[in-house]
Every structure is written in C-alpha cells, then in structure tokens.
Amino acid sequence: MQPHHRVIRAIAALACAVAVIGTASASASSRKVIGPRAKVIAKIAIPEGTGGLAIGEGAVWALSWSKWTLMRIDPHANAITSRVKLKPVNPCPPAPDTCGSVTAGNGAVWVSMRTDNVVARVDPESSKVTAMIGVGNDPQGVATSPGAVWVANNGAPSVSRIDPATNKVVATIPLGPASACCSDHIGLTTGIGSVWVNIPNLHSVVRIDEATNAVTATITSSLDESDEPCGSAAVSQDAVWVAGAHCGSVITRIDPRTNKPSGKVKGAVSPINVGLGFGSLWVTDLDARSVLRVDTRTRRIIGILPVGGIPVLLSVGLGSIWVRDDAGSVLRIAPRH
C-alpha cells in the first residue's frame, strides 16, 4: 500500500517531538487505551532519508532515494537479500518530499521516477531493471491491480494506466484542472474494482472505474473542508480510509456505496499512512512517532505502539505490519490478538 506526503514539514516538526509525544500520551490516557496491541519483532537497517515501501511478489521492498536503490527484504530472514541500483538521468533534488514510489504486483516491482517521467519495471527474481516506461509529467503514486499498473502524475494531474503484458501506457485519465496539481504529493491505491486518487488541492479523492478507465466520482474526502487528503488511503469492501497527515490530523472514512464521507478517526497527531489487516486499521502517526491500531467498527484508537524515529510509510502483509522509518530502518511489527 501503500506513497508519503509533506515529509520535509513533518521532519521539521520533530523539533517539537517531546511536546508532541507528551500531548499524545495524555490523549491516550484520556481515551483509556491500555497498552499497544502489537510488538516490534525485527528492525532491518536501510539508508536514512525518504523513499518507498511495498509488499508483493514474495518480499518486502524498501526504496531509498538518497542512494537511488531498491532493496529486497526476505520476510523469512528479516534481511536484505538484494539491491537494485536505479540510474536516473535527472537527479533527485536534495531532501525532497518524494522522488517517486514503489509497488509490487503482476509479476514485477514498479518504481515511479518523478524526475525522469518514467516507471521502472524490476524483475523480482533477478533484481534487474527490465523496462523503463514513459508516463505523464511528475509521476509519484503507483499501485497495481490484476492486469494493470496505475501511476498518478502530479504535473497534469492525471493517471497513467500501464499494461504489464506490453509495458505500454494504454490510457491516460485526466483528474481535474491544472490548478489541482503540484503543491502536494498525489497518491493512489486500488480496491473493489476502482482506483482511488488523493488530490490534496481539490480536498478530494477521485474514484476511477478499473473496467472503463472513467472517473465515476470526485469525493470531498473530509467532513471538514479545511482538511486535505495529504496522507495515504486504504480500501476494504465497505470503506475507504483516507489519512489527513498534517493537513487535518484526522482519518476520514468514505462509504464506497454512496461515495460520501461517513465518519472520522480522531486523536492522532499526524496520521500519514494507513493499512488494513488483522481486523484493524493501522496508522503511522509521524509526529507522535507511533503506530496506531484503530477499531474499524467504532473508529476508535485501541492501541498505541511508540516506535521512535521517523515512521512514515506502512504496509500490511506477510503476516506482519511493516513500517518504513526514515531515520534508517524498516520495522516489522507483529499484531497481538
């Protein structure tokens, strides 16, 4: 599941981390949250700095833009077993919000490279780049569904659909006016036959039908229009969960049957990334330096796991929750039932 947003602003906010954590702890006490219902069971060292995280094709994939390297983490050994060196034509600027994202599926690992306007296809077995696919301007968020790879292009804004059988773009889907692009990262995820695209400047999530490539809804994702969907989203059969990150500090639930907001998760400081698994919604709360567990029925936080560092990206799979800590590690977290 799972691109990150406004990381520079977030890292700067860590200067106030002690005060923030104190506030989060007091808030946890007032909610009567009794202990974290999860445990860190492994910590895999990666380069410091921003990057990507994905699960698929039998492994965990951590992307480092400081080293332009994609790392394969073996979930059996909890260790990096291969590295893929990416070679962009245009360098990533220092300390960026993001230089792209990573996803895995359809027999490959896919890396969006925003400075070159391409998506790199990586073979998960040989750890070699097998194709460079031209997409739209400033590609960032990337996700897969059966028979398709989807790329959010910040510069339009638009979504490119790649056919993994041919490594060609077979559709380009406009998302809104040019004024909707560029000030914030545009991310996307897939689920229940749709592609869900977060567009912060529109305060909206755009829904695309996978079968027709048509936009079927533009949803104001927050119940408070001052909020923007600056974090990631996670999709189940009956809900879409959209993180506000620093734009709103809430997670909004969208009902996919009505394409309307249907509630909020409150109490986080800066919910950046979300993922679903083990009967719960999992959240990286960046400024609180914690991972949250949320009851999807009551929309209440039921567990808080302090992890320290700079927890940004989160993916659920292979029996665990995986968190990319931009301070230099990937954390493997085991849920407790």
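Reply: Start with one pair. Ala 45 has Ser 329 of strand 28 as its bridge partner. Keep in mind that this is a predicted model.

Me: What makes strand 1 and strand 28 a pair?

Reply: Pairing takes at least two bridges. Strand 1 and strand 28 are joined by seven bridges, so they count as paired. They run antiparallel.

Me: Which sheet do these strands belong to, and in what order do its strands come?

Reply: The order is 1-28-27-26. These four strands form an open sheet, and the pairing is antiparallel.

Me: Why are strand 1 and strand 26 said to stand at the edges?

Reply: Strand 1 (38–45) and strand 26 (311–317) each have a single partner strand. One side of each is therefore left without a neighbour in the sheet.

Me: Where is Asp 326 found?

Reply: Asp 326 is in the loop between strand 27 (320–325) and strand 28 (329–335).

Me: Why is Asp 326 called buried?

Reply: Buried means under 20% relative accessible area. Asp 326 has 4%, so the word applies.

Me: How do you know that the side chains of Asp 326 and Arg 324 make a polar contact?

Reply: The cut-off is 3.5 Å between N or O atoms. The contact between these two side chains is 2.6 Å, so it is within that limit. On another note, the C-alpha atoms of Asp 326 and Gly 309 are separated by 7.2 Å, and these residues are 17 apart along the chain.

Me: What makes strand 22 and strand 23 a pair?

Reply: At least two bridges are needed. Strand 22 and strand 23 (residues 280–285) have six, so they qualify. Asn 273 stands opposite Thr 284 in strand 23.

Me: Is Ser 290 buried or exposed?

Reply: Ser 290 lies in strand 24 (residues 290–295). Its relative accessible area is 5%. The limit for buried is under 20%, so Ser 290 is buried.

Me: What does Ser 290 touch, leaving aside residues up to four places away in sequence?

Reply: Among them are Val 283, Thr 284, Ile 304 and Pro 311. A polar atom of the Ser 290 side chain also lies 2.9 Å from the backbone oxygen of Ala 288.

Terms used. Residues are numbered from 1 along each chain as its sequence is written. This is a predicted model: local features need pLDDT of at least 70, side-chain atom pairs count only at pLDDT 80 or more; totals for chains, interfaces and linings use all residues. Side-chain values use heavy atoms; hydrogens and water are left out. Helices (H or I, at least four residues) and strands (E, at least two) are DSSP runs, numbered from the N terminus. Buried means under 20% relative accessible area, exposed over 50%, partly exposed in between (1.4 Å probe, protein chains only). A polar contact is a pair of N or O atoms within 3.5 Å; within protein, one must be able to donate a hydrogen and the other to accept it, and residues adjacent in sequence count only if both atoms are side-chain atoms. Contact means heavy atoms within 4.5 Å.
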